[in-house]
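Here is a friendly briefing to read alongside the model. Shall we start with a term and then go topic by topic?

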Amino acid sequence: MTVVTRFAPSPTGFLHIGGARTALFNYLFARHHGGKYLLRIEDTDRARSTREAVDAILEGLAWLGLSGDEAPVFQHAGLARHAEVARELVAKGRAYHCYCSPEELETMRAEARAKGRTALYDGRWRDLDPSEAPAGIDPVVRLKTPLEGETVIDDLVQGRVTVQNSQIDDFILLRADGTPTYMHSVVVDDHDMGITHVIRGDDHLNNAFRQAQLFKAMDWPVPAFAHIPLIHGQDGAKLSKRHGALGVEAYREMGYLADALCNYLLRLGWGHGDDEIIPRAQAVEWFDLDGVGRSASRFDMAKLDNLNGHYLRETPDAEIADLISARLEERPDVTLDAAARQRVGRGLSGVKARAKTLVDLADGLAFYAARRPLAMNDKAQALLTDEARGLMQALASALDTVADWTEEALEAAVRELAEQREVKLGAVAQPLRAALTGSNASPGIFEVLAILGREEAQARIKDIC
RNA sequence: GACCCCUUCGUCUAGUGGCCUAGGACAACGGCCUCUCACGCCGUAAACACGGGUUCGAGUCCCGUAGGGGUCGCCA
């Protein structure tokens, strides 16, 4: 049997972090087993679905490298087929019309709750004859689920889960307006698309029992289910916008790399021994559902940062340069002319080790392309004492005598000055750093000096004298 | 409330009855390196929710308790 998985988001908002992980697991599982990974947009709720959300989700997936193997299926397009299946069920006596009004159902639920029972539909129209139907009311179609016995799901993550059929009510297949509900569309589409493995968040675990009943009612094979635990926020509560439930594009904006985010998401709820750094190809080779844990996990930005720093260092400079030039150009203090661009390019590897995100990288690199005179941060300002300025004047003269403007020669010249003045290297290096970068923290100062070039470096030194 | 699920360091996890004196990673802390900040390296602290069983032996199996989560829509 060829494995077919699907990621099926509803387009009511951006692709959030939990959805991204669900997509990743579906993708990885399909790839690992040499199967297919499909996308389906669950837009049966036309009122809440938007074109913008569809675009945001598709773009987010593309960024993460998780686009489907085929064009996405839009559930809304299957309306006629969904209705047809429901009619077939009614014809077979496995579904029926229910004429309850929403108000009537509300009353029923309130009463059930008051008695301490689950607020399930009580099946009052299950055995009534259509001739008893009230006039002028459009009925919904409900599935006739078994009254006795139990439904068992052998979940690939959660294990064997059993629920009494008395806990499963006759849920709605078709609304009064004839449109299918999510519960119904999912089953029909999963069947029609040949889905063999349904991998989704465990908030759907309870739905699986209902859906299994619907598959059985149609005499369709029930796919394998794998309900993966949800992701919680840093405080253990449900993910909210405050801590992590942002769209993936927000992470992109914050300077995270797609590879890093995927690696992080992969390790959230899944493990392979002590392995932490797992590139895509390795993940495809290793991933399987038996490695997925059963408890919810918390989203931890600090670990994401660490992973991102790692991937940043692994990514070739040329690729990174493309990623940050737009960020650099947006800065008001920067002019990205050819010379500046070249300096940024040469300085890249030196700043990489200091950055966790592309934002950090752009910040750390900006001084190479900044216009003079440089803005000084407080600590840099504090380094520029009168004494330090005197040293810088002397240094400017000393640098005039350096024939080859190379890192080695510059280091020798600076060290020599420090020795002459009988001060520690830091006493010269720190004010120099302030003058050259406007900051108290930067890559090695000789590297900075070399990359800036004689003219620019001397000008920056003289600016502060 | 009913039903379902979960519970190993602060966090992500390894662990599938003896290999566990519970391992790794992030974070924290200390140190080395050093012109700063990082990177890197070395080290420290830190967990089997609780109570009963089963067993020669339990983090691992069973029951209960507590805590957490999810679901109970003509939403998905």
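A pocket here is an open set of grid points with protein on both sides within 12 Å along at least five of seven lines, and its volume is the space filled by probe spheres set on the points. Please keep in mind that this is a predicted model. By that definition, the second largest pocket holds about 520 Å³ of space.

**The second largest pocket**
- Its lining has 19 residues, and Arg252, Leu257, Leu323, Arg327 and Leu358 are the closest to the centre.
- Four helices, α7 (248-253), α8 (258-267), α11 (317-329) and α13 (358-369), each contribute at least two residues to the lining.
- By type, the lining comprises 10 nonpolar, eight charged and one polar residue.

**The surface near RNA strand B**
- RNA strand B is surrounded by 64 residues, with Thr118, Arg175, Gly269, Arg354 and Ser442 the closest.
- The surface divides into 22 nonpolar, 22 polar and 20 charged residues.

**Helix α2**
- Helix α2 (residues 51-64) has 14 residues, which should span 20 Å at 1.5 Å a residue; its end C-alpha atoms are 20 Å apart, so the two agree.
- Ala53, Val54, Ile57, Gly60, Leu61, Trp63 and Leu64 are the buried residues of α2.
- Gly65 follows α2 and has a positive phi, near 75°.

Key: Residues are numbered from 1 along each chain as its sequence is written. Chains are lettered from A and ligands numbered from 1 in the order in which they are written. This is a predicted model: local features need pLDDT of at least 70, side-chain atom pairs count only at pLDDT 80 or more; totals for chains, interfaces and linings use all residues. Side-chain values use heavy atoms; hydrogens and water are left out. On a 1 Å grid over the protein atoms alone, a cavity is a set of points where a 1.4 Å probe fits but cannot get out, and a pocket is an open set with protein on both sides within 12 Å along at least five of seven lines; lining residues have an atom within 4 Å of a point. Ala, Val, Leu, Ile, Met, Phe, Trp, Tyr, Cys and Pro count as nonpolar, Asp, Glu, Lys and Arg as charged, and the others, Gly among them, as polar. The expected span of a helix is 1.5 Å times one less than its number of residues. Buried means under 20% relative accessible area, exposed over 50%, partly exposed in between (1.4 Å probe, protein chains only). A residue is near a molecule or strand if one of its heavy atoms lies within 4 Å of it.
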